[in-house]
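Please look through the sequence and the model below before reading on.

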Amino acid sequence: MAWVNALLQGILIGGFYALFACGLSLLFGVMGIINLAHGDLAVIAAFIALTIAPATGLPIVWSFVLVVPIFAIGGYLLQRTLLQASLDRSPFTTLLVTFGLSVVIENVVLEVFTSNGQSLNIGSLIANSFNPSTAISISYFSLVVLAIAVVVLACLQLFLSKTMTGRLIRAVADDREAAQLSGANYRHLFAIAAAIAFATVALAGMAYGMYTEFSFSSGSANLLFAFEAVVIGGIGSLWGTLVGGVVLGIAQQVGAQINPAYQILAGHLVFLAVLAIRPRGLFGVRAAT
Amino acid sequence: MSTTVTDATVPPLAPTTASSTLRVVRASRLPNWLTPILAAAGLGLLAFLPAFAPQSETALFVNVFVLLTMALMWNLLAGYAGMVSIGQQAFVGLGAYGVLIFAKSGMEPVASLPLAAIAAAIIALPVSLLVFRLRGGYFAIATWVVADLAMQVIDSISAVGGGTGENVPGLSSLSPAAFGRVTYFAALAVVALALAASYGLLRSRLGLVLAAVRDDEVGARSAGARVMRARRIVFVVAALGCGAAGALLAVSQLQVQPASVFNVQWSAEMIFATLIGGIGTLEGPILGTVIFFVLQQNLANDGAWYLIIFGSLAVLIAIWAPKGIFGLIDRRFAISLFPLGHRVEHLSRPASAPPAPVAANPTSSRGGAVGAAGPPA
């Protein structure tokens, strides 16, 4: 029964990873860049929620109403300035710039919020669970996060395939020059994609902060897990990202079941195994180049 | 420098300038005897430092040499081979743990330093088989995953101290002064070798292949350049250097701990030092490392601010001065001490030509078709 529980917990954790990963996946799909500050952005979102909830009197669960728009605007502005400037130079530069941002953000958070672990306290909501048997416990909160991940992925899919802006973003991603000739403003479209990616990472960061303790240094682990979910699922496939998150979650939970110290190790090993055996990922449409 | 690297005396560009012959030379205005003399003088000066500097000073220099070694290695990876690795701390950590393991089996820690570095390089070979399947940003995070994996593995082995790490045995018998000297000279030897190896490697055929790949990968491949092989050699050499740097850390700090030696901060520091000083030159990492330590020493009491300032500076420089501070200096004065690029000079000119040797294109005197090694921009 403990193994069944590990499997179920893995699937639930997979929802977190997918929520983390979809922003990373979107930015790569549209601009071909990897945002190495992705995990640290999630951490700032959690810290901002921690700060503004008492200041505004909003319950922490509802703080996303403020944090998500703040992040969307921040993402738009960052893309129009620093990220676009680096992208104009080269993808190589963008990679280094996002890594620099990641280190800077991490250390600013350390200086501002100290190295203490924090959590977003949502009271009894986190503890409620559904127990079909004594060995199995399904947290309602994790189920909600999984559902959010599915909804976000579905919305992204619909946005990219059905709306004018979404189609323009895909057009720009496919062939920037041709899209520009047809009047598409790629800088604006890139920034919209960044705004969406930042909004999803804010959601992911807050869900993470409600679920477990976080600190200034939690970002890099989140980045690695999100990245592993993307590669396992297959680069370029949004739904693959969800499957990748679930596979990673299961690997980690099964590893932890063998020995608690093997949780992260098991995830990394499954990632490397996928890389060795099927570099395209499970649902990849193209190789990770 | 005006050493003729190849006997590439090319035919005149146009028949009308029949008296003009072109010669490809290393791109620096400094005379070519200056580099060995300056290198010897610098090395000599540094070799005498422990004779008059207090041990606290030499200990600082050990840290400078460690970071400079790492920065030189990262510069080889990213500045010449176009590979952005964020997982070099994997090899730093493995080098450090190599020293611990050899010392625990009874070896002299300093003597085990080369072995530890070689062990890190050997591990880099199978790692390259996996991470080379990914490119660009994906390669970058994959190396980071490998580093985290290495840390997790070491963390779970209680024979080397698990998560809390362990002290390196075998150095406690030395007096503090003798210990300071030993670590200082070990670090000086490592950094001198790293610099010499980088220079030698980049002026070799391999350096030419890397420059060709950077300028035009498809073209280089079709001309027979073995791109993967060149990249793999650089990856293994960088692991060797970072392993040596990590081994130095273990020796100088007398203890190793997974969370410290496998910390991504090592990658951050080597990357920032290289970017600020100037990626794709050998002077750049040196300059960047010096700037890093000046900042760190002046902001020692301000927590992590030195890293925040250093990182922000690196971001701004990466975007608006991609050749770094040395690039700005070199563009103005062409005083490269370790010239790796080439420029084209006229051997004999028609009377109307300007008297001074002219670069084929003054703004890119270190680039052009002949190829100065530099970052893929």
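A salt bridge is counted when a side-chain nitrogen of Lys or Arg lies within 4 Å of a carboxyl oxygen of Asp or Glu. The model is a predicted one, and over all chains the rule gives five salt bridges. In one of them Arg187(A) pairs with Asp88(A), with 3.3 Å between the closest N and O atoms.

Is Gln84(A) buried or exposed? With a relative accessible area of 1%, Gln84(A) is buried. Apart from neighbours within four places in sequence, Gln84(A) is in contact with Leu78(A), Gln79(A), Tyr186(A), Arg187(A) and Phe190(A).

Chain B has a network of salt bridges that links Arg135(B), Glu217(B), Arg221(B) and Arg231(B). Within it, Arg135(B) and Glu217(B) form a salt bridge whose closest N and O atoms are 3.5 Å apart. Arg135(B) sits in the loop between helix H4 (113-131) and H5 of chain B, while Glu217(B) is in helix H8 (residues 217-222) of chain B, so this pair ties together parts 82 residues apart in sequence. Glu217(B) also meets Arg221(B) in a salt bridge, at 2.7 Å from N to O. Here the two residues are four apart in helix H8 of chain B, which means that about one helical turn separates them. Arg135(B) is partly exposed, with a relative accessible area of 35%, and Arg221(B) is partly exposed at 40%.

Another glutamate of chain B, Glu283(B), is in helix H12 (residues 283-298). Its relative accessible area is 7%, so Glu283(B) counts as buried. A polar atom of the Glu283(B) side chain lies 2.6 Å from the backbone nitrogen of Phe338(B). Not counting residues up to four places away in sequence, Glu283(B) touches Phe326(B), Ser336(B), Leu337(B) and Phe338(B).

Leu46(B), in helix H1 (residues 34-52) of chain B, is partly exposed, with a relative accessible area of 25%. Beyond its neighbours within four places in sequence, Leu46(B) is in contact with Phe61(B), Phe65(B), Tyr184(B) and Leu188(B).

Now the cysteines. Over all chains the count of disulfides is zero. Cys22(A) is buried, at 1% relative accessibility, whereas Cys155(A) is partly exposed, at 46%.

Last comes the interface between the chains. The contact takes 43 residues from chain A and 45 residues from chain B. About 3,800 Å² is buried between the two chains, and carbon and sulfur atoms give 83% of this area. Between chain B and chain A there are zero salt bridges, but six residue pairs are in polar contact across the interface. On the side of chain B that touches chain A, helix H2 (55-80), helix H5 (136-155), helix H11 (265-277) and helix H13 (305-320) each give two or more residues. H5(B) gives the most, with 13 residues. By type, the residues on this side of chain B are 33 nonpolar, eight polar and four charged.

Definitions and conventions. Residues are numbered from 1 along each chain as its sequence is written. Chains are lettered from A and ligands numbered from 1 in the order in which they are written. This is a predicted model: local features need pLDDT of at least 70, side-chain atom pairs count only at pLDDT 80 or more; totals for chains, interfaces and linings use all residues. Side-chain values use heavy atoms; hydrogens and water are left out. Contact means heavy atoms within 4.5 Å. Buried area is the accessible area (1.4 Å probe) that two parts lose on being put together, summed over both. A polar contact is a pair of N or O atoms within 3.5 Å; within protein, one must be able to donate a hydrogen and the other to accept it, and residues adjacent in sequence count only if both atoms are side-chain atoms. Ala, Val, Leu, Ile, Met, Phe, Trp, Tyr, Cys and Pro count as nonpolar, Asp, Glu, Lys and Arg as charged, and the others, Gly among them, as polar. A disulfide is a pair of cysteine sulfur atoms within 2.5 Å. Buried means under 20% relative accessible area, exposed over 50%, partly exposed in between (1.4 Å probe, protein chains only).
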